[in-house]
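Okay, thanks for coming, everyone. Let me put the structure up, and then we'll talk about its salt bridges.

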Amino acid sequence: MLRLLALLVLLGTFTSHVTGPAWAQDAQRSECLAMAGAPPRAVPVSYRRVAAKADEVAITYAGHSTYYIDTPGGIRIATDYNGVYRTGRLPDIATMNRAHETHYTLFPDPKIPHVLHGWGEKGQPAHYAERIGDVYVRNVTTDIRRYWGEDSGGAMIKDGNSIFIFEVAGLCIGHLGHLHHKLDDSHFAAIGRLDIVMVPIDGTYTMSLDGVSEITKRLRAAVVLPMHRFATPLDEFMRLIGQQFEIDRRGGERTLRISRDTLPATPTVIILDGV
């Protein structure tokens, strides 16, 4: 009888580990979350010189808040995809946010195999944590304001926006989406470490430049890629995020090719052509 009881306890413990919360399982698979809690990685200079070249990711600005990310494994991602801002072939993964029609389409090309809505259905938040080719895709939800036809004076729509995070080739790449409010500690913990972050800098339709600059400073990614700019003075954004960020204007270049080994040593705002 005692042996049977012990066996049942053991099985119960095993089951609780297997069927535990989804976020706990996601955390075990996310390298970016693991790196966020680890000390900085020290790599001897001599070793870096002889190490094999890391795989590069190509990031292309298409327009508004749409970037295309092409991975070493041939996966193509389009952020805030609405079908208008196109470059090259169709994406394999299209992420969307529902704030305006410029950030989503309900009628994407059926040849796109993975369409990821940043909003949930039936009151449930969107949840993604899956590997597609050489990319691990996950999201962190935030709230959004209501717009025309949605009781615009009412409370914010909970979990109506997603920050999408793409983990590929040793890089942690985040897209803040149509962000409408400051992030709290739980958001930053769920985001984890970011090497590259795409930040809306319109200062009005999303959030104030003061607010988004505070988020940018706290994330402290090696590369900041502005988006959703409209007529925002870049000098004002740079003033607010502080002197710890450098600026690199890439006139005539819409594509950034980057790897884990070529991340800038100092956090840098890279302005691609068209931004």
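So, by salt bridge I mean a side-chain nitrogen of Lys or Arg within 4 Å of a carboxyl oxygen of Asp or Glu. Bear in mind that this is a predicted model, where local features need pLDDT of at least 70, side-chain atom pairs count only at pLDDT 80 or more, and totals for chains, interfaces and linings use all residues. Residues are numbered from 1 along each chain as its sequence is written, and side-chain values use heavy atoms, with hydrogens and water left out.

The overall picture: the protein has 7 helices and 14 strands, which are DSSP runs (H or I, at least four residues, for helices; E, at least two, for strands), numbered from the N terminus. Of its 275 residues, 47% are buried. Buried here is under 20% relative accessible area, exposed is over 50%, and partly exposed is in between, with a 1.4 Å probe and protein chains only.

How many salt bridges does that rule give? The count is 10. One of them joins Arg 76 to Asp 70, at 2.8 Å from N to O, and Arg 76 is buried, at 8% relative accessibility.

Next, Arg 89 pairs with Asp 92, with the closest N and O atoms 3.2 Å apart. Arg 89 is partly exposed at 42%, while Asp 92 is buried at 18%.

My last pair is Arg 260 and Asp 195, with 2.6 Å between the closest N and O atoms. Arg 260 sits in the loop between β13 (255–258) and β14 (268–272), and Asp 195 in the loop between α5 (185–191) and β10 (196–200), so the pair ties together parts 65 residues apart in sequence.
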